[in-house]
Amino acid sequence: GEPLFWEVAERAQRPFLATHSNARALCAHPRNLTDEMLRAVGEKGGVVGLNFYSAFLTEKKERAGLEMLAEHAKRMIRMAGEDAVALGTDFDGFERKDLPEKLEGAERIELVWDAFQKAGITSRQTEKIAYGNLFRVIEAGCGKTSVS
C-alpha cells in the first residue's frame with residue numbers, strides 16, 4: 001500500500017525495488033504506482049518491475065494488447081527515468097489468458113521487444129529493461145554479478 005511505499009522510499013539507504021507494478025496514470029489498479037511514486041523510485045536509483053498481468057495494464061475486462069505494455073514502459077521511463085524500469089513479468093503468478101494478447105509466456109518475449117521498438121523505446125532502453133537495470137540494483141545490494 002501507499003503508506004508502506006512512502007516509508008520505504010523515505011528510509012531506503014540503497015536503491016529499492018517495486019517488483020510488480022505499472023503506471024497508475026494508465027490503469028488505476030492499486031498495485032500500480034502513481035507518477036510521484038515512480039519519480040521517488042527513480043530518485044533513489046531503484047527499479048520498478050513492469051508487470052504483464054492484463055488487469056495491471058488496462059481497466060477493460062479484455063486482455064491488454066502489447067502496445068499497452070509498451071505504453072506503461074514509456075510512462076515509467078518518463079516518470080522514473082530509463083534506469084528505473086525492469087521486467088516484473090509475473091509469468092508464474094497468473095494464467096496465460098491474463099497475459100497481453102499474443103504473448104503466451106516467456107518463449108514469446110521477442111513480441112515485447114517488438115512492441116517496445118514500435119512505441120519508440122530504444123534498443124539501449126530495452127536492454128536496460130530486459131536485464132541491465134535489475135543487475136545494477138542487485139549489484140548495489142549484493143555485490144558484483146556476472147552474465148554467462
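**Overall architecture and the setting of T34**

Buried residues (under 20% relative accessible area, with over 50% termed exposed and values in between partly exposed, for a 1.4 Å probe and protein chains only) make up 43% of the 148 residues in the protein. The model is predicted, so that local features need pLDDT of at least 70 and side-chain atom pairs count only at pLDDT 80 or more, while totals for chains, interfaces and linings use all residues. Residues are numbered from 1 along each chain as its sequence is written, and side-chain values use heavy atoms, with hydrogens and water left out.

The protein contains 6 helices and 3 strands, taken as DSSP runs numbered from the N terminus (helices H or I, at least four residues; strands E, at least two). Their order along the sequence is α-β-α-β-α-α-β-α-α. The radius of gyration of the protein, taken over C-alpha atoms, is 15 Å, in agreement with the value near 15 Å for a compact globule with 148 residues (2.2 Å times the number of residues to the power 0.38). The C-alpha trace spans about 40 × 40 × 30 Å along its principal axes. Of the contacts (heavy atoms within 4.5 Å) with a separation of 6 or more, 73% involve residues 24 or more positions apart.

T34 is located in the loop between β1 (17-18) and α2 (35-43). This residue counts as buried because its relative accessibility is 16%. Apart from neighbours within four places in sequence, T34 is in contact with E2 and R24.
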